[in-house]
Amino acid sequence: MSEPEATPRRPEGGRMRAPGTRAVKPRDAATIILVRRDAKKPQVLMGRRNSGHDFMPNLWVFPGGRIDRADFRAPYATDLRPEVEAKFDRHLKPGRGRALARAAIRETWEEAGLLRATAAPARPGVGPWREFLAQGALPDLDAIEVIARAVTPPMLAKRFDTWFLMADAERLISLDRQPDCGELEEIAWVDFDEALGLQLPMVTRTMIEEAVRRLEDPERPSPFMRFGVKGHKMAHL
């Protein structure tokens with residue numbers, strides 16, 4: 001059965017695909033929920049997207065983005081824990097989960113000006129990793145958790161198969177944004193109740209609620225959501 005045609009409009013996620021065209025293949029992506037625990041309540045890092053973006057303009061999101069070929073080759077200081085790597089490998093080709101984790105860390109630097117990394121001698125790099133490695137840092141993959149996965153609806157012109165990761169902010173080299181750095185309009189550390197009061201995409205709101213549950217129960221299953229025309233399908237990783 002073919003999908004019903006969608007009327008082009010600009011929803012929270014961006015442009016709708018043109019009527020009569022086939023759904024695009026989702027791009028692999030990763031985002032990271034950084035949790036700060038040095039205040040009375042746990043806080044999460046949120047960033048506001050530029051109004052010029054055609055995907056989720058003006059909305060508050062976690063830093064992240066799509067995977068790049070360079071993410072498969074970038075050096076790292078610490079590796080994924082075996083149980084986290086195994087969760088990736090149950091659904092992806094070996095090594096792709098590690099690349100997704102590196103992509104989330106790289107995008108946190110590019111979008112928010114923060115390094116989820118270990119201090120190391122500066123080294124030359126290529127492509128999107130050049131500036132990151134020049135800071136004297138190597139990605140820190142240890143202690144990253146997989147909390148969920150979500151695939152955006154087929155009616156959108158841009159689609160992502162996004163892995164949502166979580167990590168403690170204490171593993172950042174600095175809690176302060178590097179000056180003149182970061183693609184997000186602004187960033188803020190807010191508690192989870194404050195985060196839910198921001199203008200959020202639906203999936204981000206869902207993931208904030210999931211992160212709260214994860215903090216209360218670290219062993220809870222990781223949801224896998226596929227959003228469609230008539231709702232979403234839920235499974236677990």
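Let me start with L198, which is found in the loop between α4 (192-196) and α5 (202-216), where helices (H or I, at least four residues) and strands (E, at least two) are DSSP runs numbered from the N terminus. L198 is partly exposed, because its relative accessible area is 22%; buried means under 20% relative accessible area, exposed over 50%, and partly exposed in between, with a 1.4 Å probe and protein chains only. Leaving out residues up to four places away in sequence, L198 touches M46, W60, V190 and R205, a contact being heavy atoms within 4.5 Å. L198 and M46 are 152 residues apart in sequence, yet 9.3 Å apart in space from C-alpha to C-alpha.

Residues are numbered from 1 along each chain as its sequence is written, and side-chain values use heavy atoms, with hydrogens and water left out.

On confidence, pLDDT is the predictor's confidence in each residue, from 0 to 100, and the protein chain averages 88, with 89% of the residues scoring at least 70. Over residues 1-11 pLDDT stays under 50, and for that stretch the model has 22 contacts beyond four places in sequence. Where pLDDT is low, the predicted coordinates should not be read in detail.

Now the chain as a whole. The protein chain has five helices and 11 strands, and of its 237 residues 50% count as buried. Among contacts in the protein chain with a separation of 6 or more, 67% are between residues 24 or more positions apart. The accessible surface comes to about 11900 Å², and 49% of this belongs to carbon and sulfur atoms; these areas come from the Shrake-Rupley method with a 1.4 Å probe, and for residues only the protein chains shown count as cover.

Which residues have the most contacts inside the largest nonpolar core? They are F88, F132, W163 and L165, in a core of 40 residues, where a nonpolar core is a set of buried Ala, Val, Leu, Ile, Met, Phe, Trp, Tyr and Cys residues joined through side-chain atoms within 4.5 Å. Two or more residues of this core come from each of several elements, including β1 (27-36), α1 (82-89), α3 (130-134) and β8 (160-168), and α2 gives the most, with eight residues. Apart from this core lies another, of 21 residues, among them V44, I147, F192 and A195. Returning to F88, and again not counting residues up to four places away in sequence, this residue touches L80, G97, L100, V146, W163 and L165.

The helix α2 itself is mostly covered, since 16 of its 17 residues are buried. Its end C-alpha atoms are 24 Å apart, which agrees with the 24 Å that its 17 residues should span at 1.5 Å a residue, the expected span being 1.5 Å times one less than the number of residues. Just after α2, G113 takes a positive phi of about 70°.

R177 has its place in the loop between β8 and β9 (186-191), and is partly exposed, with a relative accessible area of 26%. Its side chain reaches the backbone oxygen of A112 at 3.3 Å, and the backbone oxygen of L184 lies 3.0 Å from a polar atom of the R177 side chain.The last stop is the loop between β6 and β7, where D140 is found. Is D140 buried or exposed? At 3% relative accessibility, D140 counts as buried. A polar contact of 2.4 Å joins the side chains of D140 and T78, a polar contact being a pair of N or O atoms within 3.5 Å, where within protein one must be able to donate a hydrogen and the other to accept it, and residues adjacent in sequence count only if both atoms are side-chain atoms. The backbone nitrogen of D142 lies 3.5 Å from a polar atom of the D140 side chain. A143 is found in this loop between β6 and β7 as well, and has a positive phi of about 75° although it is not a glycine. Most residues other than glycine have a negative phi. A143 counts as partly exposed, at 26% relative accessibility.

Notes. Predicted model: local features only at pLDDT ≥ 70, side-chain atom pairs only at ≥ 80, totals over all residues.
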